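Subject: Model handover

Hi,

Here is the model for your files. My notes follow below it.

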Amino acid sequence: MRAILGSYDSELTPAEYSPQLTRRMREAEDMVQKVHAHSSEMEAQLSQALEELGGQKQRADMLEMELKVLRSQAGPAEQSALLSKEEVSELRLKIEELEGERSRLEEDKRKLEAQLEHLTLQGDYDQSKTKVLHMSVNPASEAQRSLRQDQARLQEECERLRKLVCALERGGPVPADLEASCLPSAKEVAELKKQVESAELKNQRLKEVFQTKVQEFRKVCYTLTGYQVDITRESQYRLTSMYAEHKDDCLVFKATGPSGTTMQLLETEFSRTVPELIEQHLLRQDSIPAFLGALTLELFSRQTLA
């Protein structure tokens, strides 16, 4: 910079040495100061970087030493790790074998329990834990003895009857012992006939009384309700009103549901003439008595108007 200033001084005449040259010199000096300051700052940063580099190098040396120590210690550890992996594999195999053995033993246990339950149901028991007491008067023994006696008596009776049948088939005389033991006497036969005739007479009287009561009940129902009820077939009932205009004007109901608790109106020629009553009282109100009452009033009013 001073050489540049010197060249300016040599080129310029004393007359041209003006304040402009002074200003430029000051600017150059300021620039030189800034360069010096920047150089100082860079030197400070460089020294700081060198210090940090030295610290990092020391730290790297320490880490390298620690790594060597760790590598020297890692040899036995890796061997022990390999040994521990082999032991773990062996232990896993043993565990799997024990699990399979346990599953097999549990299956055997379930089979034995099922067999024990089956034997228990069949009446088997553990003699070491259970003691059986035999009763001196055992009901089961008495029942078996009575059964054997009845069986023997029935076999004897069958044998006598077989002999009697053979004798009757041959057409010869019946042995006295068979006649006395098997055939009833004439008195007993007459007594049995009287009992049969009495029972038949009693049944006939009961039938007559039942028919009379049934007719009486039908007449009462017809008088009170205005409808004659007849059974046409199983679970079907025909109702004929006393105010019917024609003989064939009737309603047919069918009993449905458990014990015939639900009645269903079947379609007939007469039922087609009263759709309004069916719609109102059966479909809407679900009341058969209301329907029958309304129908009675309708037929009664027709006869009255006629």
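This is a predicted model: local features need pLDDT of at least 70, side-chain atom pairs count only at pLDDT 80 or more; totals for chains, interfaces and linings use all residues.

R284 is exposed, at 65% relative accessibility. Here buried means under 20% relative accessible area, exposed over 50%, and partly exposed in between, with a 1.4 Å probe and protein chains only. R284 meets E279 in a salt bridge, at 3.8 Å from N to O. A salt bridge is a side-chain nitrogen of Lys or Arg within 4 Å of a carboxyl oxygen of Asp or Glu.

Residues are numbered from 1 along each chain as its sequence is written, and side-chain values use heavy atoms, with hydrogens and water left out.

The structure holds 18 salt bridges. Side chains of opposite charge can pair when their charged atoms come close. R272 pairs with E269, and their closest N and O atoms are 2.9 Å apart. E269 counts as exposed at 63% relative accessibility. R272 is partly exposed, with a relative accessible area of 45%.

D108 and R104 form another salt bridge, with 3.5 Å between the closest N and O atoms. Both sit in helix α2, 4 residues apart, which is about one turn of the helix. D108 is partly exposed at 30% relative accessibility. R104 is partly exposed too, with a relative accessible area of 42%.

**Fold outline**

The chain has 7 helices and 4 strands. Helices (H or I, at least four residues) and strands (E, at least two) are DSSP runs, numbered from the N terminus. From the N terminus on, the order is α-α-α-α-α-β-β-β-β-α-α. Of the 306 residues, 11% count as buried.

**Surface patch**

Which residues form a nonpolar patch on the surface? They are M1, I4 and V32, with about 250 Å² of accessible area together. Patches are made of residues with over 30% relative accessible area and no salt bridge; like charges are joined within 9 Å, nonpolar side chains (Val, Leu, Ile, Met, Phe, Trp, Tyr) within 5 Å. Accessible areas come from the Shrake-Rupley method with a 1.4 Å probe, and for residues only the protein chains shown count as cover.

V32 lies in helix α2, residues 19-121. V32 is partly exposed, with a relative accessible area of 32%. E29 is in helix α2 as well, and is partly exposed at 41% relative accessible area. E29 and M1 are 28 residues apart along the chain, yet their C-alpha atoms are separated by 8.6 Å.

**Largest pocket**

The largest pocket has a volume of about 350 Å³. Its lining counts 15 residues, and C221, T225, Y227, V229 and L239 lie nearest its centre. Elements giving two or more residues to this lining are α5 (186-225), β1 (227-233), β2 (236-241) and α7 (288-305). α5 gives the most, with 6 residues.

On a 1 Å grid over the protein atoms alone, a pocket is an open set of points where a 1.4 Å probe fits, with protein on both sides within 12 Å along at least five of seven lines; lining residues have an atom within 4 Å of a point.

By class, the lining has 12 nonpolar, 2 polar and 1 charged residues.

Best wishes

Technical notes: Grid points are joined across faces, edges and corners, and a volume is the space filled by probe spheres set on the points. Ala, Val, Leu, Ile, Met, Phe, Trp, Tyr, Cys and Pro count as nonpolar, Asp, Glu, Lys and Arg as charged, and the others, Gly among them, as polar.
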